[in-house]
Amino acid sequence: MCGIVGYIGREQAAPILLEGLSRLEYRGYDSAGVAVYDQGADTLSVHKAKGRLKVLSDQIEGGATVPGTVGLGHTRWATHGAPSDVNSHPQVSRSGKIAVVHNGIIENYAELKAFLSEQGVPFTSETDTEVVAQLIEYFYEGDLLDAVGRVLRRIEGAYALGILCSDAPDQLIAVRKDSPLILGYGEGCSFLASDVTAILRHTRQVSYMEDGELAVLTRDGIQCYNHLMQPISKEIVQVDWEVDAAEKGGYEHFMFKEIMEQPEALRRCISPRIRDGEVYFENFSLEDDYIRGLDKIYIVACGSSYHVGMVGKYHLERLTRKPVEVALASEFRYMEPIVGPNTLVIVISQSGETLDTMAALREAHRLGAKILSIVNVVGSSIARESDQVLYTWAGPEIAVATTKAYSTQLALINLLALRFARILGTITPEAYGAALEGFRQLPDMVEQVLSHRDDIQYFASQYFNHNSVFFIGRNVDYALGLEGSLKLKEISYIHSEAYASGELKHGTISLIEEGTLVIALSTYGPLFQKAMSNVVEVKSRGADVLALTTDSHREEMGRTADAVVTIPDIHELMLPSLGVVPLQLFAYYVALMRGCDIDKPRNLAKSVTVE
Ligand code: M6R
């Protein structure tokens, strides 16, 4: 999604803005722009270009041709108006005095645009953002802060805004509502950014803006205000990420690097959570009696995080015997969910900023539920609004297609299921011990699966030309199929669907014909024979079957399937965690062979901050 960087200091701003924007490229975008105040000319110079950041950077020679020490930069992911130079941000007011960068959507922009048009204000773009720039100018009578305040009382929707005015070039204004914005504190300079990676090279001292807050950035510091425009002081936190963790480190793609980082990410996520033979969560505030009193657990998330929730449902219900519902966050708040004080809502999100997930969290809070979130990005909005956060500690995930975040989310929800089962007394000490042993083995086993990546590369070379793929499986293998299918389609653009194997004969099997590729997932031992019958079903209709099963079932599966990939036998709870790895690798190699833009697939964004 869109990215924002702002800088005010003593160095030339444009190269800093471009460098910051390059750190945000992974979020997905279709155009980029910068606005810098040029003191010599006493004007804002605005440069924008459709396409990759490099197009813009080449136009302005890496920023060298743009003088000025204060400016805003933006990467845009089109919502209102097609990707084009004109629709790119920064958007400027009619006089060219006020420049605005914006993430989010101004929902009442059409109404405001009509009002301004009636007043004779001409518009040049199709964006909702231009309305903000024009409206600030409309209210501007020499006091920028006052004009911004009047605009904020009129706009509706979600926004993170950066504002620069050539009449007040010694300040930048930042505003946040429902879209993340971070403030950075440097020596003689200040920053704003939608994502901490954009400013990490310059400062590690940051504050996270809250909804309704406004900040005025100057070279000497930052003053924040609450929604009533009363001055407030913000906590400054030290970011301890390594910059390198967000770089490719010799790998061709972030996605591959992140696939390979999974054993380490799992170790980081799991080992501090098992102490003296017990599952342990840091600062865990949900009391045992509260857990015993739960009527229901809801899991709410989007995309791959939702797929983690699907596996989580099977495991939580199996282990705790509490009813668990899984809902897509985009549906949750519109379905009048039955949620109350005895419902725990588990929210899963890598970024912690997904707008649908955030909205579902707020709805669940409004209905009286407690929220436990599983989040990767520390200090993100979802983390901050939850009653209890469990961090995945996967490290920064840059590729749009999630891999290590998925794996660590899965590990956490499994640990949670185990801990709840222990509290509820629904697991025997022997079964509990066996599951903990499974967790202990998991990172090494993932390493083992990764070491066989050449086999997956070979299968990818056999199948990368297919145009349609079906993933089938039962129970947790069905949930795994959903993730395998999403991974493949999002980065390779191959049409792919995941089906619960037993459902095929209710319609979809009519699509199976000679040569259709079916990826049959059968890692879950208790249902192996059932899964085998589905493989026979599709084979007898001409499908080409690539099967995924465990080592102990290789031989039997090999008698029917055309090709078999196996994972080591491990505790049942860990099977999806191992099974997902060959599916990630398969998607990666297929996309590589098809020449796709793996880390930044078309139309997609890393962090989806619009509804
Ligand atoms: O940051 P989140 O986990 O909330 O993101 C949710 C989805 O947008 C995300 O999982 C998406 O489906 C991935 N790109 C899939 O690889």
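A: With a term. Contact means heavy atoms within 4.5 Å. Angles run from 0 to 180 degrees between N-to-C directions. Keep in mind that this is a predicted model.

Q: Which strands does helix 1 lie across?

A: Helix 1 (residues 13-24) lies across strand 1 (3-8), strand 2, strand 4 (70-76) and strand 10 (189-193). Its direction is at about 155° to strand 1.

Q: What is the strand order of the open sheet?

A: Two strands pair if DSSP finds at least two bridges between them. Here 8 strands form an open sheet in the order 3-2-4-1-10-9-11-15, and the pairing is antiparallel. Strand 3 (43-50) and strand 15 (237-238) are the edges. Each has a single partner strand, so one side of each lacks a neighbour in the sheet.

Q: How many bridges join strand 2 and strand 3?

A: Strand 2 (residues 31-38) pairs with strand 3 over 8 bridges, in the antiparallel sense. For one of the pairs, look at Gly33: its bridge partner in strand 3 is Lys48.

Q: And helix pairs: what describes them?

A: Two packed helices are described by the angle between their axes and the distance between the axes. Take helix 9 (residues 303-320) and helix 13 (residues 404-424): the angle is about 20°, and the axes are 9 Å apart. Angles under 35 degrees count as roughly parallel, so helix 9 is roughly parallel to helix 13. Their crossing is right-handed.

Q: Which residues make the contact?

A: Helix 9 contributes residues including Val308, Val311, Gly312 and Leu319. From helix 13 come, among them, Leu410, Ile413, Ala417 and Phe420. The residues of this contact divide into 12 nonpolar, 8 polar and no charged.

Definitions and conventions:
Residues numbered from 1 in each chain as written. Predicted model: local features only at pLDDT ≥ 70, side-chain atom pairs only at ≥ 80, totals over all residues. Heavy atoms only, no water. Helix = DSSP H or I, 4+ residues; strand = E, 2+ residues; numbered from the N terminus. Parallel < 35°, antiparallel > 145°, perpendicular 65-115°, else oblique. Left-handed = near helix turned anticlockwise from the far one by under 90°. Nonpolar A, V, L, I, M, F, W, Y, C, P; charged D, E, K, R; others polar.
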